[in-house]
Every structure is written in structure tokens, then in C-alpha cells.
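Please keep the sequence and the model in view while reading.

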Amino acid sequence: QDYSAEANDVSHNLAIKACMNIGDFEYGKSIICDPIRAAKNANTMSLFLQNTLIDFYGHFGALDEAEKIYHNLSSQRDSFSVANMLKMYVNHDASHKALEVYDANVKSHNDVCHMLALKACIHSDQFER
């Protein structure tokens, strides 16, 4: 097991989350370049970091960037990937897309996904759903 890679992932995750907390999109993007360079491209980064990037881009409203990462994950997606996409769509008035993601990923649902889907239903006036 490569502990240095895991430590780097955690360090990058914390730095990216800090940029989210202070609202610094540009500095966050500069931090993202380091793990992408190390992995040779974004598709070979750890799932943990890719989920962080989905959350980062979603937080700043860069939906296209988050969607690219999410779609490239196809077979690797986990409940964190799905929850990050749901949160992004709900927070950016795209509840219909959130519900599409929710419906397409039944195997990856957890309590957070269920809660975000309920929130999407409320935002889109789909109370009967």
C-alpha cells in the first residue's frame, strides 16, 4: 500500500476544501493541477480525490467540469460521487437533473442520497414522488 499517495490525497483534499471554505476558486484550481500532473490525467486520480473535485467544482457552480469528472467515473462511482452530484444540482436549481442522477444510481444510494433526493423533490414541487 502506498501511504505517501494516500497522504498526498488527504493533503490535497484538505487544501481544496479550505479553498471552498474561503471562496477561492482560482487558488483551488491551482492546487488541483498538482494531483492531476502526478496522476498523468484526471481519470487516473484516486476516487477519493475525484469525488473531492466534483464537490469543489459543484460548490463554485462549474457544473460542466463536475459533470465531466462524474461521467468519466462511470464504473467507479460510489455513494459519495452520487451525493456530490445530487448536492450540486440541488444547490444550483437543477433538481430535475438531481433526480435523474438519483434514479440512475440505485445501487449507490445511502441516507445522504435519499435526503438530497427528497430535497430535490421539494425544490421541484414533486411532493407525490
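E67 is buried (under 20% relative accessible area; exposed is over 50%, and partly exposed in between, with a 1.4 Å probe and protein chains only), at 14% relative accessibility. The model is predicted: local features need pLDDT of at least 70, side-chain atom pairs count only at pLDDT 80 or more, and totals for chains, interfaces and linings use all residues. Residues are numbered from 1 along each chain as its sequence is written, and side-chain values use heavy atoms, with hydrogens and water left out.

**Salt bridges**
- A salt bridge is a side-chain nitrogen of Lys or Arg within 4 Å of a carboxyl oxygen of Asp or Glu, and the count comes to five.
- E67 and K97 form one of them, at 3.6 Å from N to O.
- Because E67 belongs to helix 4 and K97 to helix 6, this pair ties together parts that are 30 residues apart in sequence; helices are DSSP runs of H or I with at least four residues, numbered from the N terminus.
- K97 is partly exposed, at 32% relative accessible area.
- D55 pairs with K17, with the closest N and O atoms 2.5 Å apart.
- D55 is in helix 3 (residues 47-59) and K17 in helix 1, so parts 38 residues apart in sequence are tied together.
- D55 is buried at 6% relative accessible area, whereas K17 is partly exposed at 28%.
- K17, D55 and K87 are linked in a network of salt bridges.

**Loop residue**
- D93 sits in the loop between helix 5 (79-91) and helix 6 (95-104).
- Phi of D93 is near 55 degrees, a positive value in a residue other than glycine.
- D93 is exposed, with a relative accessible area of 69%.

Conventions:
Helices (H or I, at least four residues) and strands (E, at least two) are DSSP runs, numbered from the N terminus.
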